[in-house]
Amino acid sequence: MSPGIGTAASDHSPRNSSTRGWALQQAAAEVLPGGVNSATRYVGHPYAFGGGDGAYVVDLDGNRYLDYHAAFGAILLGHNSPVVDDPVRDAVGKLDLFGLGVTELEVELATRVTEVIPSAEMMIATMSGSEATAQAVRLARAATGRQLLVKFQGGFHGWHDAVARNVISRPELAYGRDPLSAGILDTALESTLIAEFNDLDSVKALFEQHPERIAAVIMEPIPHNVGALVPTQEFVTGLRELTSAEGAVLIFDEVITGFRHALGGYQEVCGVQPDLTTFGKGMANGYPIGGLAGPRSLMERFDGQKGDVLLAGTFNGYALGATAAIATIDHLRANPDFYTRTHALGARIRDGLTSIVTELDLEATVAGYGGVFSLYFAAAPIRGYRDLMRNDNQAYAAFHRRMTDKGFLMIPMSLKRNHVSGSHTDADVDRTLEAARDVLAGMKADGTAH
């Protein structure tokens, strides 16, 4: 396995100082650390974007890309969707920011969420998925009076200290001590235990080692931050039974799976209800908003008059984000064929890629669910992170880099996934598979893939 797991692919494009994108990247490096506002945004050319429409984005030099990156999954319906943008424009100039009380939009949004998410009786709004998971962890610890948290190797739940460890780990660090950042207190790292996805025994072992000390288990129902590890029904059902028996809170982090795979999230698909659900990303088609939902018995701990868990945030439930989320949810409710279409397109891509790698006799496995697809350069089966440590990360990065260079914008980092939006078409899929065949055949020919 490459030691560069989780890093960006090398930049194969010419660094032409006469291009607007390269010039802006240079200027950005002077005023932004690394030239970007989030560490995973620098992935080589293209450096800078000027616009987006539907399934496409355009960089500052006029190059057009079919977008499967989708802002790490935040773009659900397509870029600049009038379904969402028109209501937001109408809201501008009506409600802005008050800092006290409540607005009709906040109540409307909470009502929509509790209607569509199976486990939700109440919700709180946040500005991001990271804030939502931070609130979920704090609430779980308050409700149980316990300190420890269980997460799965490869799962990403935001940037805060409680969960900022063991995502895309090198083999020598996997399942051990692998913080995402300097500056995290040892006590925070030691309070989070690491299990293996799709391995219920690994979770049971932690409960046996730490009796009555584990407050919660937090999981991406499908760990999309390492591509697409699809859970077995036995695993999710067993996890629900185990946490209930042990008095621990089960948290589904549906920041990526929520609203993308089904209106009610992956919990609607698998029929297992968690205690708490976090969501964000696609719920407002790219506008910044997230949330946490759960039963009244837990959520009322946030009640500032009689609860004991702090809920604070000047922008929580702000008008434009709430408007965008309501519009997105209403569109999905009125158009259930969104899921039929995106799932069908995702299946076409997965089936097509499988045929290509089989034809070329490549050691590769195609995975995914719904409108999400991933290509691992490793032989099947792939069930958990241990299997992903067989992945050829150099080949993976090269595939995504070369696809981007051909005009198909993907996430050119190891072990990531790609998203079909409501704006993609069958013709887009045809072009994608044609390009993928050329790229993979070239990789086979030059020895980049085997």
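In this predicted model, the charged end of Arg64 sits over the ring of Tyr56, 3.8 Å from the ring centre. Aromatic pairs number nine.

**Tyr68 and Phe373**
- Tyr68 and Phe373 pair edge-to-face, with 5.3 Å between centres and 85 degrees between the planes.
- The two residues are 305 residues apart, and their pair links distant parts of the chain.
- Tyr68 belongs to the loop between strand S3 (64–67) and helix H2 (70–73).
- Phe373 belongs to strand S12 (residues 372–376).
- Tyr68 is buried, at 0% relative accessible area.
- Phe373 is buried too, at 2% relative accessibility.

**Tyr175 and Tyr385**
- Tyr175 and Tyr385 also form an edge-to-face pair: the centres are 6.5 Å apart and the planes 80 degrees apart.
- Tyr175 sits in the loop between strand S5 (148–152) and helix H6 (186–190), and Tyr385 in helix H13 (residues 385–388), so the pair ties together parts 210 residues apart in sequence.
- Tyr175 has a relative accessible area of 24%, so the residue counts as partly exposed.
- Tyr385 is buried, with a relative accessible area of 0%.

**Aromatic cluster**
- Phe152, Phe197 and Phe235 make up one aromatic cluster.

Conventions. Residues are numbered from 1 along each chain as its sequence is written. This is a predicted model: local features need pLDDT of at least 70, side-chain atom pairs count only at pLDDT 80 or more; totals for chains, interfaces and linings use all residues. Side-chain values use heavy atoms; hydrogens and water are left out. Rings of Phe, Tyr and Trp (its six-membered ring) pair if their centres lie within 6.5 Å; planes under 30 degrees apart count as stacked, over 60 as edge-to-face and the rest as tilted. Helices (H or I, at least four residues) and strands (E, at least two) are DSSP runs, numbered from the N terminus. Buried means under 20% relative accessible area, exposed over 50%, partly exposed in between (1.4 Å probe, protein chains only). A charge sits over a ring if NZ of Lys or CZ of Arg is within 6 Å of the ring centre and within 35 degrees of the ring normal.
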